[in-house]
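Subject: Structure handover

Hello,

Here is the structure you asked for. Please open it first, then read my notes below.

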Amino acid sequence: MSAEDTQAFVPDYGLQDPRPAPVAVPLIVDLDHTLCRTDTMHEALIGLFASSPRAIASLPSWLASGKKTFKTELADRKIIDPDQLPYDADVIALIETARAEGRKVALISASEQRQVSAIASHLGLFDEAVGTGSDDVSDNLSGNAKADYLVRRFGAKGFDYIGDSAADVPVWAAARKAYGIRVAPATERQAEAQGIRLQRVGDGRSELPALLRACRPHQWAKNLLVLLPVLTAHDLAHLPAALLAMVCFSLTASAIYIINDLVDLPSDRAHPRKKHRPFAAGDASARSGVMLAVGLLTVSGLVAAVLLPAAFFWTLLIYLIATSAYSFLLKRKMMVDVVALASLYTLRIVAGSAATGIVLSPWLLVFSMFLFLSLATIRRHAELEDMVTRGADKTAGRNMMAGDLPILQAMSVGAAQAAVLVFALYSQDPQVQARFGAPNLLLLICPVLFFWLGRLQMLTRRGHMSDDPIVFTIKDRLGLICGALILLIFVLAMR
């Protein structure tokens, strides 16, 4: 038998290449601000505060017992529905690539074990999920504790890790590859100082533009109502005080919008349009939102207390309390929400009076209440029209049903007609007649009001009202023309 034949009969026992096959390095994924664009613990806290305010009194004792106990107590009361959360598409793409390569992928987070497990089960992308409170985790699974846990499990440099914050620096240092997403510049410098080479995932956009959008500066137009007492009294000497009061109201309103959006996260995420709001979409974090709201309220309160009359400060405080009550409770009560909205509009006019000392006509206050009741019902009417278009029977987070639509329409029309009637009576009041040079010209405002309010109601019925009616008017060409006509008639009547 030749050597070639002999070689052909040599059995292959897999010993020709004694080197072991390479082991696929697992990918470890952080949860908050990494896989999820928000922080589940912060959202759970806000949700707990919104649903059970009394539980907040227990927070200090929970914190005094340590972070692990705090997270356990919070999870006992509130777990965020995984279906509601905004997940990062770039992180999911990285996970899917790792899975396609046959690598193990684990979700390991400092969040409470039940929250982590719920998200992992919902997504179905992970081989395992470990969080604070897991059987083999004795401490809060963050920072050095997470790094030590992963080294025990996979060995130093035996895993890849994607995270986002300064708490992840020790984990990145122990990882083979360090992935970072939305990493702050200071954190990136801290990582570089330890010789960590971060591989960025995603575009790393700043959340500042999103926080600005959350302030809803376009809604500040409603605070022009603070200037109305100056306009009706023809007293421009008080205009600086009125303008400063308008700024205070705008800052306070922005803080309330932020708080309202944070409280409304579950219902906003279930809404086809509102789900794109900054906090619902995860473009801005709940923590940043709370800090910004506190900052805006502090500035507004200081300006009101130092530079404006005490009456205005108390009016602003009443507005803050009323809007907070609306956000947490009143907007879920049938009809109470509509009356509250109308009252908040009127309160802006009262605030203008408090800031300037100008006494308001009772006719003007009654007109304002009817007008803003009409606008408030238009706003709710628009939400119901949108709900019906989507085929829903009731709104999330609101006590409204499709069957309420005819009642809201009737109320809106009735309140609008009453407002025009009261304005006509206001124009004939002896005090108003004495204040204006040509007071009967004010009656020309009535048909403009009829047209404007009637058009708003028609557009709402046709499904074109996508915003607050006042904000919609400012964006609408015919609405602006109506406003200009009313102002022109008012000026002509003053001569």
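Leu-487 sits in helix H23. Helices (H or I, at least four residues) and strands (E, at least two) are DSSP runs, numbered from the N terminus. Leu-487 is partly exposed, because its relative accessibility is 45%. The cut-offs are these: buried means under 20% relative accessible area, exposed means over 50%, and partly exposed lies in between (1.4 Å probe, protein chains only).

Before going on, note that this is a predicted model: local features need pLDDT of at least 70, side-chain atom pairs count only at pLDDT 80 or more, and totals for chains, interfaces and linings use all residues. Residues are numbered from 1 along each chain as its sequence is written, and side-chain values use heavy atoms, with hydrogens and water left out.

**The surface patch**

Helix H23 covers residues 477–494 and gives the most to the patch, with 3 residues.

**The nonpolar cores**

Now look inside. In soluble globular proteins, nonpolar side chains tend to be buried together. A nonpolar core is a set of buried Ala, Val, Leu, Ile, Met, Phe, Trp, Tyr and Cys residues joined through side-chain atoms within 4.5 Å.

Which members of the largest core touch the most other members? Of its 44 residues, they are Phe-367, Leu-371, Phe-372, Leu-375, Phe-423, Leu-442 and Trp-452. Several helices each supply at least two residues of this core, including H17 (336–356), H19 (405–427) and H21 (445–461). The largest share, 9 residues, comes from H18. A second, separate core has 31 residues, among them Leu-74, Ile-80, Leu-107 and Val-201.

Leaving out residues up to four places away in sequence, Phe-367 touches Ala-419, Val-422, Phe-423 and Leu-449. Contact means heavy atoms within 4.5 Å.

**Gln-113**

Gln-113 is in helix H6 (residues 113–123). Is Gln-113 buried or exposed? Gln-113 is buried, because its relative accessible area is 16%. A polar atom of its side chain lies 2.6 Å from the backbone nitrogen of Gly-131. The backbone oxygen of Ala-129 lies 3.3 Å from a polar atom of the Gln-113 side chain. Beyond four places in sequence, Gln-113 touches Ala-129, Val-130, Gly-131, Thr-132, Gly-133 and Ser-134.

**Salt bridges**

Side chains of opposite charge can pair when their charged atoms come close. A salt bridge is a side-chain nitrogen of Lys or Arg within 4 Å of a carboxyl oxygen of Asp or Glu. The whole structure has 20 of them.

Take Glu-43 and Arg-269. Their closest N and O atoms are 2.7 Å apart. This pair links distant parts of the chain: Glu-43 is in helix H2 (residues 40–51), Arg-269 is in helix H13, and they are 226 residues apart. Glu-43 is buried at 6% relative accessibility. Arg-269 is buried at 12%.

Glu-112 pairs with Arg-114, with closest N and O atoms 3.2 Å apart. Glu-112 is buried at 9%, whereas Arg-114 is partly exposed at 37%.

Asp-268 pairs with Arg-277 at 3.3 Å. Asp-268 is buried at 2%, while Arg-277 is partly exposed at 21%. Salt bridges that share partners also join Arg-37, Asp-88, Arg-182, Arg-213 and Asp-283 into one network.

**Loops**

Arg-182 lies in the loop between strand E5 (177–180) and helix H9 (185–193). Its phi is near 50°, a positive value in a residue other than glycine. Lys-157 also has a positive phi, near 60°. Lys-157 is in the loop between helix H7 (144–154) and strand E4 (160–163).

Last, find His-276, in the loop between helix H13 (265–269) and helix H14 (278–281). His-276 counts as exposed because its relative accessibility is 52%.

Best wishes

Key:
Polar contact = N/O pair within 3.5 Å; in protein donor to acceptor, adjacent residues only side chain to side chain.
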